[in-house]
Amino acid sequence: MGAKGESVFLAQILCLKTILAQQQISLTIRRLANQLLENHAPLSQTAFIGIQPRGIYLSDRLVDEIRAETGQQDIDYGRMDITFYRDDIRKEVHLPNKTDIRFSIEGKKVVLIDDVLYTGRTIRAAMDALMDFGRPEKVELLVLIDRRYSRELPIQADYIGKSIDSIISQKVKVTWQERDGRDEVLLLDE
Amino acid sequence: MTLSTRHLLGIKDLTPQDITTILETARQFKEVLQRPVKKVPSLRDITIVNLFYENSTRTRISFELAEKRLSADTVNFSASGSSVSKGETLLDTVNNILSMKVDMVVMRHSASGAPHFLARHIPAAIINAGDGVNEHPTQALLDAYSIQEHKGTLEGVKVALIGDIMHSRVAQSNLYLLKKMGADVIVCGPPTLIPKHIGEAFGVKVEYNLRRALEWCDVANVLRIQLERQNQVLFSSLREYNLAYGISRRLLDSLPNDVTIMHPGPINRGVELDSDVADSGRSLILQQVENGVAIRMAVLYLLSNQSSA
């Protein structure tokens, strides 16, 4: 999940700048896929897990890229929803998305994949959720955008598409062709 | 707010959107129940009291398991063995329990409207686990979930509710729910056990002949003959009831269509359902029980921040 509060869009929005445009996104994804291969080939002990709802567009592309690069089709790839592990249920109840993990993560190296790393709370919840599926040997984190200096928990990513500096009132919006009609990462301001 | 209501008192108060939200959320909880660790921390700071003023096996265990799978703290209360026998009123009992910081109340009571009364007087979120002859909303939700899982949809599915419609809160909740979700419904049973104007009230067909009802339907939800709620003789004997309205293997095999059998339990074997039907591959009865936990997790989860205490 990118940033706090979807209601941002009801207010006056100002687009400050484009962080990544379409072509940069596909180059970045290709680079990230190669970094993953560098550390994880031959992938027999590795599992990729996209975090719902917005991390799965990135993870779908990454896994496609890895399949194309290696010719390997039997890659352990799943999607995980972390709604039931959130820490803010007293404030608001969120509706869950689908979790689909059809392999054991026991003893595997798991790479969690999300679009934006911001406060770190989603990743905290994701790690708790992941442990309920087994005991992985190692857990790594890959994000497309790392919003530096905004962490509320001691969490950092192992693979980063692009790091940016932003202030709390700003929002990073990642859009995907499949869902929103175009690939783009924008920095928005209220 | 994720649901349009603070409490689950009956299906009557839910919108079709609420029902869809609950069924959809239950689907995700059903996946949780297949994991190595069948438990999530969602309600870890929520306390729930299960107030059972009437006997129950399935519903009570199902709610308790659902609460534990959600990591809630639970307290159980049953009327027998409590101060109810010393004359304490319902409201006094509940207020005393709530003063110990309880967020949600799951309640079963033999008086219709008892949870509605509580909802007007206490700040906790209330979930009706069956009130008299009024409603049993979580049963209807798990029935709907089971139908949807089996048939892929509720819209246009032909459901026959068979048996004691008059005394059945399960029937009433099912009628509200199935009509709201666009299913086709027939009620079937002896004329003495079918309320006179139910056809007009719910927009359903009434069929007194069991074979005709079964030939028409995709799913038969067979209700229990509620011997404890009948203070007059509405049919002459259980054996006569079984002959006219009991579902046997032979009857099912003689139908031109495949009918799926459901039953909310507990079954009176040899009365409304013969054993070779209840235990057959046509029956969804045990899936219903399994789905009940996921449905109750969904309801508890969605209403968990509704307490105004």
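Visitor: How many bridges join β2(A) to β3(A)?
Guide: Five, and the two strands run parallel. Keep in mind that this is a predicted model. In that pairing, A:I49 stands opposite A:G78 of β3(A).

Visitor: What's the strand order in the sheet?
Guide: The order is β3-β2-β4-β5-β6 in chain A, an open sheet of five strands with parallel pairing.

Visitor: And which strands stand at the edges?
Guide: β3 (76-80) and β6 (159-165) of chain A do; each has a single partner strand, so one side of each has no neighbour in the sheet. On average, neighbouring strands are turned by 25° against each other, direction ignored.

Visitor: Which strands does helix α1 of chain A touch?
Guide: Helix α1 (residues 22-40) packs on the sheet and touches β2, β4, β5 and β6 of chain A. Its direction makes about 130° with that of β6(A).

Visitor: What about helix α2 of chain A, which strands does that touch?
Guide: Helix α2 (residues 55-70) also packs on the sheet, touching β2, β3, β4 and β5 of chain A. Its direction makes about 145° with that of β2(A).

Visitor: New topic: is strand β4 of chain A mostly covered or uncovered?
Guide: Mostly covered: eight of the nine residues in β4 (109-117) are buried.

Visitor: How many bridges join β4(A) to β5 of chain A?
Guide: Eight, and that pair runs parallel.

Visitor: What's the bridge partner of A:A47 in β4(A)?
Guide: A:V110.

Technical notes. Residues numbered from 1 in each chain as written. Chains lettered and ligands numbered in written order. Predicted model: local features only at pLDDT ≥ 70, side-chain atom pairs only at ≥ 80, totals over all residues. Buried ≥ 20, exposed ≤ 12 C-beta atoms within 10 Å, placed from the backbone. Helix = DSSP H or I, 4+ residues; strand = E, 2+ residues; numbered from the N terminus. Pairing = 2+ DSSP bridges. Axes fitted to C-alpha atoms, helices over the stretch in contact; angles between N-to-C directions. Contact = placed C-beta atoms within 7 Å.
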